[in-house]
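Welcome to the tour! Keep your viewer open and your selection tool handy, and we will walk through the chain one stop at a time.

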Amino acid sequence: MSEFRLTQISDTHLGRRFPGLIANFHAVSEHIDANRPDLVVNTGDVSFDGPTSRDDVVFAKSLHDALPVACRYLPGNHDIGDNPTAIGPVPKPPVEETHRQQFRAVIGEDHWSFEAAGWSFIGLNALMMNSGLPFEAEQFDWLASEIARASGRPVALFLHKPVFLNEPGDPETPETSIRYVPQPARARLIEMLATTDLRLIASGHVHQRRDFTYRHTRHVWAPSAGFKINDARQDRIALKEVGLVEYRFQPDSLEVRHVRAAGQVDVDIEELFAQMGGAH
Ligand SMILES: [Fe+2]
Ligand SMILES: [Fe+2]
């Protein structure tokens, strides 16, 4: 195959009680149906609240199953819980192996790799990093073997959280490790990837659309397909809108298109809180 077309969606946060998010997913589905990429990747927060509601995960999967193309998934903090950080308070809820197993049972593999159009594609479970759970070490071992197998091919990495803000050590304050791959796992990940021809890191989680290049690697932050977070609740780093990202991979080249599906609406997080009965 000389060309591979991949559509990234992220942060769909699906649950039966959120009609605005369901409507946005249907708009995205119609767009995907019309464009028929080779693969759809959801980079996490597939469901609204996996740790407390298995039904959210089941419902989210059922909507993806209706898509007319193959899908791969990566977990987000709303699917399996969040990373413990080296410093700062324990996240609520923290990542747990039982949540990861629920994700695998209902949705599918939480880390994966494949090759297409001369590229190596690697999907990582970002939430297990710094957890100290057995799977954290297992995944790093697996990553080492995937890196060895890539043997010089360009690499595209997918994961829920951006690896860093603007450069590898940035930022180091504890509160921001909620947003990025936390230290010290981040440094280890970057060191391992430094031996590869890493061309792309595609992430979600922040609900802001961003696209920048640091040295050799393009960093694409996919926006949420479902909702945005207003400035009163979250600082503005890049573009706050809902949408998706389309990629076209060819041997040694990559095209990125930032897209909004027809009918996608910029649902604000306050609307969701209202639908939850104001309990937050
Ligand atoms: Fe999210
Ligand atoms: Fe997230």
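Predicted model: local features only at pLDDT ≥ 70, side-chain atom pairs only at ≥ 80, totals over all residues.

Stop 1: Now pick out the open sheet of 5 strands, whose order is E3-E2-E1-E11-E12 and whose pairing is mixed. Look for its edges: strand E3 (71-73) and strand E12 (253-259) each pair on one side only. On average, neighbouring strands in this sheet are turned by 20 degrees against each other, direction ignored.

Zoom in on strand E1 (residues 4-9) and strand E2 (residues 39-42). They run parallel and are joined by 4 bridges. Which residue in E2 is the bridge partner of isoleucine 9? Select asparagine 42 and you have found that partner.

**Stop 2: a sheet of six strands.** Next, select the open sheet made by 6 strands in the order E4-E5-E6-E7-E9-E8, again a sheet described as mixed in its pairing. Strand E4 (112-116) and strand E8 (210-214) stand at the edges with a single partner strand each, so one side of each has no neighbour in the sheet.

**Stop 3: two packed helices.** Two packed helices are described by the angle between their axes and the distance between the axes. Select helix H2 (residues 54-65) and helix H4 (residues 97-106): their axes are 10 Å apart, and the packing angle is about 30 degrees. Angles under 35 degrees count as roughly parallel, and H2 and H4 are therefore roughly parallel to each other. The crossing of H2 past H4 is right-handed.

Which residues meet here? Show the side chains of Arg54, Val57, Val58 and Lys61 in H2, then those of Gln102, Phe103 and Val106 in H4, which they meet. Colour them by type and you will have 4 nonpolar, 1 polar and 2 charged residues in this contact.

**Stop 4: the whole chain.** Finally, zoom out. The chain has 7 helices and 13 strands. Its C-alpha atoms fill a box of roughly 50 × 45 × 35 Å along the principal axes. A compact globule of 280 residues would have a radius of gyration near 19 Å, and the 17 Å of this chain agrees with that.

Terms used:
Residues numbered from 1 in each chain as written. Chains lettered and ligands numbered in written order. Axes fitted to C-alpha atoms, helices over the stretch in contact; angles between N-to-C directions. Helix = DSSP H or I, 4+ residues; strand = E, 2+ residues; numbered from the N terminus. Parallel < 35°, antiparallel > 145°, perpendicular 65-115°, else oblique. Left-handed = near helix turned anticlockwise from the far one by under 90°. Contact = placed C-beta atoms within 7 Å. Nonpolar A, V, L, I, M, F, W, Y, C, P; charged D, E, K, R; others polar. Pairing = 2+ DSSP bridges. Rg over C-alpha atoms; globule rule 2.2 N^0.38 Å.
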